[in-house]
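The following note comments on one helix and on several charged pairs. Please read each point with the structure in view.

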Amino acid sequence: FWESGALKTHKRTHSEEMSYRCDECDGTFSTSSNLNAHKRRHSGEKPYKCYECDAAFSESGCLKRHKRTHSGEKPYRCDECDAAFSESGALKTHKRTHSGERPYKCDECDAAFSTSDGLKKHKRTHSGERPYKCDECDATFSQRSNLKTHKRTHSGEKPYKCDECNAAFSQRGHLKAHKRRHSGEKPYKCDECDECDAAFSTSDGLKKHKRTHSGEKPYKCDECDAAFSLRGHLENHKRTHSGEKPYKCDECDQCFSQGGHLKRHKRRHSGARPYRCDECDGTFSQRGTLKRHRRTHSGEKPYKCDECDQCFSQRGSLERHLDRHERSKSWKHVCPFVDGGLVDSKSGLPCGLRCKHKRDLDYHIQAAHTQEGLRKKIKSENQLARFLDNKGCPYDRDRVNFVSFTCKPALALQGSH
C-alpha cells in the first residue's frame with residue numbers, strides 16, 4: 001500500500017473489525033466510505049449519474065458497472081471456457097457451473113443453489129410469497145421475470161422472432177420449442193413402458209402424454225362429473241354447458257365451440273385436403289377420415305359388437321348394427337324352424353329370427369327354410385341382395401350361398417334366439 005492508512009483499513013478485512021456503525025439500522029462497516037454509501041440507501045440519494053441514459057446510483061462502483069452495459073466491455077473472463085462478464089460477481093457465479101458448487105442451501109428442504117438469488121426465489125415456494133404484482137390485473141408472481149413475461153399478455157409484445165418463418169413469441173422458451181418443429185428435434189422421450197416410443201419437442205408435451213399411461217385426469221368440470229387430462233379439453237367441454245361458440249368463420253356465419261372445428265370447416269371453403277394416404281392417391285380434409293380410409297387397406301375392424309362376434313371398421317356401422325339388436329328384441333314374430341337354412345337341417349337349434357311384421361316372418365320362412373320357396377322368390381344374386389337389405393330379414397350377406405340356396409342367420413341375431 002502507498003499509505004499507512006490504506007494498510008490499516010485493509011487489515012480490518014482480516015480482523016473483521018467493524019468500527020463504523022449505522023445509526024438507522026444494525027449495519028456495521030470497516031470503512032467510513034462504506035458506511036456513507038450505505039446511508040444513501042436510507043436517504044435515497046443517488047449522486048452518481050450516467051451521462052448516456054437517465055440511470056443514477058448511490059455508489060460509484062455501481063455506476064462503473066452500469067457503464068459497461070453501454071460499452072459492452074466484459075473484462076472478467078472464465079479460464080475454463082470462453083465466457084466473459086462485465087462484473088466479477090457474475091464470473092464467480094459462472095465458475096460454479098464448472099465446479100458444481102452450490103453453497104446456498106435451503107433450511108426447509110434439501111435444495112441447494114449456486115447463487116443467493118436462486119435460494120431467495122426458491123424460499124418463496126415455501127412461504128407462498130408473491131411480491132411482484134401486475135398493475136393491469138390481479139395477477140401476482142414470485143419472480144420479477146415471470147411478471148415481465150406476464151405483462152406481454154397485456155401489451156401483445158412478442159420480442160422473440162423465428163429466423164426461419166414469421167412466427168413470434170412472448171417467451172424465449174416458446175421460441176426454442178418452436179424451432180424444434182423446423183429441425184424435427186424431439187429430445188423428450190417417454191420412459192413409462194418398453195412398448196411406447198413416443199417423443200416430443202417440449203417437456204410439456206411429454207408431461208401431457210404421460211397421463212395417457214397413468215390415466216390421470218386432473219381437470220374436472222364443476223358442472224358435471226366429467227374429468228380430462230388436458231386443460232384445453234376441459235375448456236372445450238365447458239362450452240357444451242354454456243353453449244358458447246367463440247370461433248366464427250370469416251367466410252360464412254357459422255360459429256364453433258372449438259378452434260379445431262373451425263379449422264376443419266374452413267377447408268370446405270378452401271378445398272384443402274392436406275391428409276394423404278401413403279398406399280393410394282386418396283386425399284382427405286380431415287385426419288379422422290384418412291384414418292378410417294386406411295382400414296380399407298389394412299382390413300382392420302376395431303369396433304366389435306359385445307352381443308355377437310361381428311366387427312366393423314367404423315363406429316357408425318357398429319352403432320347401426322347395435323340398433324338392430326335393440327329393435328329386434330321388441331319384435332314379436334319369432335321363427336320356429338330349425339337353424340341351418342333348410343327344413344332338413346340336422347342342427348336341431350331353433351332359428352329364432354324375430355320379425356317386426358307377420359308378413360316378414362312368412363316371407364322369411366318361405367325363403368330361408370324351404371328350398372322351393374327360396375328358388376321361387378329369389379332367382380338371381382341381385383334379388384338375393386335386395387332381399388337381405390330391404391325385406392326386414394337382417395342376414396349376414398357373407399354367409400349366404402346363392403348356388404346352394406342356403407341362408408344362415410347372422411351371429412348378430414343369435415343373441416336374441
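1. The model under review is predicted. In helix H10, the buried residues are Leu262, His265 and Arg267. These buried residues pack against strand S17 (247–248), strand S18 (255–256) and strand S19 (275–276).

2. Helix H10 covers residues 259–270, 12 residues in total, and spans 17 Å from its first C-alpha to its last, close to the expected 16 Å. After H10 comes Gly271, which has a positive phi near 75 degrees.

3. The model contains 8 salt bridges. One of them joins Glu59 and Arg41, with the closest N and O atoms 3.8 Å apart. This pair links distant parts of the chain, 18 residues apart: Glu59 lies in the loop between strand S4 (56–57) and helix H3 (60–71), and Arg41 lies in helix H2 (residues 32–43). Glu59 has 25% relative accessibility and therefore counts as partly exposed, whereas Arg41, at 62%, counts as exposed.

4. Arg65 and Glu87 also form a salt bridge, at 3.9 Å from N to O. Here too the pair links distant parts of the chain, 22 residues apart, with Arg65 in helix H3 and Glu87 in the loop between strand S6 (84–85) and helix H4 (88–99). Arg65 is partly exposed, at 34% relative accessible area, and Glu87 is partly exposed at 34%.

5. A further salt bridge connects Lys208 with Asp204, their closest N and O atoms being 3.2 Å apart. Both residues belong to helix H8 (residues 203–214) and are 4 residues apart, about one turn of the helix. An α-helix has 3.6 residues a turn, so residues three or four places apart point the same way. Lys208 is partly exposed at 38% relative accessibility, and Asp204 is partly exposed at 40%.

Terms used
Residues are numbered from 1 along each chain as its sequence is written. This is a predicted model: local features need pLDDT of at least 70, side-chain atom pairs count only at pLDDT 80 or more; totals for chains, interfaces and linings use all residues. Side-chain values use heavy atoms; hydrogens and water are left out. Helices (H or I, at least four residues) and strands (E, at least two) are DSSP runs, numbered from the N terminus. The expected span of a helix is 1.5 Å times one less than its number of residues. Buried means under 20% relative accessible area, exposed over 50%, partly exposed in between (1.4 Å probe, protein chains only). Contact means heavy atoms within 4.5 Å. A salt bridge is a side-chain nitrogen of Lys or Arg within 4 Å of a carboxyl oxygen of Asp or Glu.
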